[in-house]
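Have the structure open while you read.

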Amino acid sequence: MDQEIGTAKHTKTFQIMETILVLAHTENNGALAKSAREALHASATLHKSLAGSKLVVGLIGDNVQIAANSIAACLATKYFGVTGADFSQSRYATDATAAEAICKAAQATVVVAPATSRWARVLPGVAARLGGRADTHVTGVAAADGKISVNRWYYRQRMEGLLTRTQRPWLIGIDPGSQTPCDCGAGTAMVEMVLVNLTDAARRTTVVGIREPKADAQTIRPDAQLLFVTGAGWTKKQADGQTHLPEAEKLILGFLKQSRASLGSSKSLVDQSGEGQAVLPFLSHLNQVGQTGATPRHAKGLSTCCHGEEPHTVGWRFIGERRAISLDPNCGWARGKADVLYVADAFAVIAKVNELLAAAGMA
Ligand SMILES: Cc1cc2nc3c(=O)[nH]c(=O)nc-3n(C[C@H](O)[C@H](O)[C@H](O)COP(=O)(O)OP(=O)(O)OC[C@H]3O[C@@H](n4cnc5c(N)ncnc54)[C@H](O)[C@@H]3O)c2cc1C
């Protein structure tokens, strides 16, 4: 396969008939996550723009029939499955073996998978096993003149790159949240089971459980419409010369509860616990947005008590509409980082917003 592609590069007359495989794992309830539907949508769009290409789906999980049926009306011509209790949990050895087997059975030349934490750690290893290549953090896949290209961001989302590859199979991890999820209908899908012989070594790692914050303590909500960012100003002395931490906590948690927004933070605020200062206990470094934090994707963002410096706002690259509330009219937000800046006291604004949300909720 690699040789053929090498020849194609030189003669320019040979065009690969790509087989695009969408690789997905099922969730605990047997269904497909939104990120898997995003990968499917990107793959179906690619398939439509590549003459002669085939679209197939590969699923792994305890049982994949529910997931396959849920997308039965998509453009895929074949469904492959690796099933059984061994494949219900995320585990490198079993996931990599299953993915490798499906790629071979499907004779896939392009493999598109959602870059969930489960697939992200497996894809490069599978590419190595198959003599292919893997690209991660992909935010777009397209084809022109029979040539596939992907785009992704570099240097903490400051530069966007477009790249193509001749090497096959090409494994592509699509960043969740970067695509429109497919809305193809359900039906009955025929799944061709791929048998996988697991060695004892592959089962050596046992998943004994998952530790995660309680549902009401989970403030990071990737699917939320709004990102609500808190900055160090919430813990600073206010006009009366005093700090107002309990009030800040009440206002922020009240807003999150009513809006179901995802909570982000500036680095200065999450760093304070390490400095022994008074802190907001529900914030951790996982909430940090920016150069050394996360780059979340939400339709809207509202920043409060945050200065909007470049190392922070670079993490707002994928936020659609940006608004900020800061006392400082010369803050970074005012210098082109926000669409709307409210020069106001965030304590007063959020108290009023919470009041309005509560009233709207009661209506
Ligand atoms: C290598 C490097 C990497 C970094 N990475 C990151 C990163 O990933 N993420 C990040 O966030 N930062 C990062 N930083 C730090 C960044 O440069 C800023 O120092 C940080 O973002 C400032 O946080 P802040 O705006 O919350 O705090 P401050 O700069 O202290 O700003 C607080 C703001 O709150 C306002 N304020 C106070 N009270 C109120 C009120 N009642 N109502 C409204 N506004 C009020 C003030 O006017 C002020 O503008 C990095 C820095 C470096 C050097």
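## A pair close in the chain

Arg 323 counts as partly exposed, at 30% relative accessibility (buried means under 20% relative accessible area, exposed over 50%, partly exposed in between, with a 1.4 Å probe and protein chains only). Its partner is Glu 321, and the two side chains meet in a salt bridge at 2.7 Å, N to O (that is, a side-chain nitrogen of Lys or Arg within 4 Å of a carboxyl oxygen of Asp or Glu). Glu 321 is partly exposed too, with a relative accessible area of 26%.

A word on the ground rules: this is a predicted model, where local features need pLDDT of at least 70 and side-chain atom pairs count only at pLDDT 80 or more, while totals for chains, interfaces and linings use all residues. Residues are numbered from 1 along each chain as its sequence is written, and side-chain values use heavy atoms, with hydrogens and water left out.

## Bridges across the sequence

Searching the whole structure turns up 16 salt bridges. One of them joins Glu 192 to Lys 78, with the closest N and O atoms 3.3 Å apart. Glu 192 sits in strand E9 (residues 191-193) and Lys 78 in strand E3 (residues 78-83), so this pair ties together parts 114 residues apart in sequence (helices, H or I, at least four residues, and strands, E, at least two, are DSSP runs numbered from the N terminus). Glu 192 is partly exposed at 38% relative accessibility, and Lys 78 is partly exposed at 40%.

Then there's Arg 158 with Glu 310, a salt bridge at 3.7 Å, N to O. Arg 158 is in the loop between strand E6 (147-154) and strand E7 (159-163), and Glu 310 is in helix H9, so the link spans 152 residues in sequence. Arg 158 has a relative accessible area of 26%, and Glu 310 has 34%. Elsewhere, Lys 34, Glu 38 and Asp 223 are linked in a salt-bridge network.

## The second largest pocket

The second largest pocket has a volume of about 490 Å³ (a pocket is an open set of points on a 1 Å grid over the protein atoms alone, where a 1.4 Å probe fits, with protein on both sides within 12 Å along at least five of seven lines; lining residues have an atom within 4 Å of a point). Grid points are joined across faces, edges and corners, and the volume is the space filled by probe spheres set on the points.

Of its 25 lining residues, Ala 232, Ser 266, Cys 306, His 307 and Gly 308 are the closest to the centre. Helix H8 (267-271) and helix H9 (310-313) are the elements that give two or more residues to the lining. By class, the lining has eight nonpolar, twelve polar and five charged residues (Ala, Val, Leu, Ile, Met, Phe, Trp, Tyr, Cys and Pro count as nonpolar, Asp, Glu, Lys and Arg as charged, and the others, Gly among them, as polar).
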